[in-house]
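Please walk me through this protein model, residue by residue where it matters.

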Amino acid sequence: IRCGDNCYMEGITLIHPAGYVTRIGNNGHLDNVKCLAWYFSTDAYSMGDNSLVENSFSKVTDDHSKAVANRVMDKNNTYFMQMNGSAVAFSYNVYSDIDEYTMKNCDVLHAEDVWDSPVIETKHGGGANMSNYLLEDIRVEGNCYSLFGLAIRNNEWVDHQERLYGQLSNLTFRNIDVEGEVTTANWIWGRTPTDNFENILF
C-alpha cells in the first residue's frame, strides 16, 4: 500500500505483495496492522516524518522497520524474521539528515534463521548525518544470528555519484534481551578512518 500524508490504518492485514508492504507519507499512523510476505524486498513499514507504528505484527522477507525519517516511533510491535532482512534498518544509503527514531517494547521472533542479517542493522553509504536513535525494551526469542551490525561503508545500493559518507551519532540501546545465544559476532564498521560513529551507548 502506498499512501500520502496523514494516513491512518487500523486493523487490516496485508498479504504477499511484490514489493514494500507499506510506504506511508508524513504524519502516518498504523495501529494493529499485519504484514505477511515471502518475496525479497517486501519491507513491512516505511514511514514518513512524525509517524507511529504500534500494536502491529509483521512476517516479511526483508526489513521490518525502515528507520529513515524524522521523529518516527515503533512501539508494542512483533517482528517475525525470515531468511532475509533485519527487524530495524537504520539506513541503506540515506542522503538527507535524519533526527530521532524510537523503538520501544517490541518482540523479535526467529532471529536465528536469517542468512546474514542482524536484528538491528545499518549499511550506510549515503551522506546523511543520522542521530538520536533510542531502542529500548526489545526482546529476542531464542537464539540470534547477530544482534547489532552497524556499518558506514560502500555497498551495492550506493548512488555512485554521491561520494560523501555520513555519520551515526547519539545511538542508545537499552534493556535488550536475547533469550538464547548470539551465534555470530556483532560489529561496528567504518569505511575509512574519518568515518564517524559518535556517542553510542549500550
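In which loop is Trp115 found? Trp115 is in the loop between strand E14 (98-109) and strand E15 (120-124). Strands here are DSSP runs of type E with at least two residues, helices are runs of H or I with at least four, and both are numbered from the N terminus.

## Basis of the model

This is a predicted model, in which local features need pLDDT of at least 70, side-chain atom pairs count only at pLDDT 80 or more, and totals for chains, interfaces and linings use all residues. Residues are numbered from 1 along each chain as its sequence is written, and side-chain values use heavy atoms, with hydrogens and water left out.

## Surface patches

Trp115 counts as exposed, at 55% relative accessibility. The classes are buried (under 20% relative accessible area), exposed (over 50%) and partly exposed (in between), with a 1.4 Å probe and protein chains only. Together with Phe40 and Met83, Trp115 makes a nonpolar surface patch of about 330 Å². Patch members have over 30% relative accessible area and no salt bridge; like charges are joined within 9 Å, and nonpolar side chains (Val, Leu, Ile, Met, Phe, Trp, Tyr) within 5 Å. Accessible areas come from the Shrake-Rupley method with a 1.4 Å probe, and for residues only the protein chains shown count as cover.

A patch of negative charge also lies on the surface. Its residues are Glu112, Asp113, Glu141, Asp177 and Glu179. Asp and Glu count as negative, Lys and Arg as positive; His and the chain ends are not counted. Each charge is placed at NZ of Lys, CZ of Arg, CG of Asp or CD of Glu. Glu141 sits in the loop between strand E16 (129-140) and strand E17 (148-152). Glu141 is partly exposed, with a relative accessible area of 34%.

## Salt bridges

The count comes to 7 salt bridges. The rule asks for a side-chain nitrogen of Lys or Arg within 4 Å of a carboxyl oxygen of Asp or Glu. In one of them, Lys66 pairs with Asp43, and the closest N and O atoms are 3.2 Å apart. This pair links distant parts of the chain, 23 residues apart: Lys66 is in strand E10 (residues 65-66), and Asp43 is in the loop between strand E6 (34-36) and E7. Lys66 is buried at 10% relative accessible area. Asp43 is buried too, at 2%.

Another bridge joins Glu54 and Lys75, with 3.9 Å between the closest N and O atoms. Again the pair links distant parts of the chain: Glu54 in strand E8 and Lys75 in strand E11 (residues 72-75), 21 residues apart. Glu54 is buried at 11%, while Lys75 is partly exposed at 27%. Lys123 and Glu121 also meet in a salt bridge (3.8 Å, N to O). Salt bridges that share partners join Asp43, Asp63 and Lys66 into one network.

## Loop contacts: Asn26 and Ser51

Asn26 lies in the loop between strand E4 (22-24) and strand E5 (29-31). Asn26 counts as partly exposed, at 28% relative accessibility. Beyond residues up to four places away in sequence, Asn26 touches Asp5, Asn6, Gly48, Asp49 and Ser51. Contact means heavy atoms within 4.5 Å.

Which loop holds Ser51? Ser51 is in the loop between strand E7 (45-46) and strand E8 (52-54). At 4% relative accessibility, Ser51 is buried. Leaving out residues up to four places away, its contacts include Gly25, Asn26, Arg71 and Met73.

Leu134 is found in strand E16. Leu134 counts as partly exposed, at 23% relative accessibility. Apart from neighbours within four places in sequence, Leu134 is in contact with Tyr101, Thr102, Met103, Thr172 and Arg174. The C-alpha atoms of Leu134 and Thr42 are separated by 25 Å, and the two residues are 92 apart along the chain.

Asp137 also lies in strand E16. Its phi is near 60 degrees, a positive value in a residue other than glycine. Asp137 is partly exposed, with a relative accessible area of 28%. Glu100, in strand E14, has a positive phi near 80 degrees, and is likewise not a glycine. Glu100 is partly exposed at 37%.
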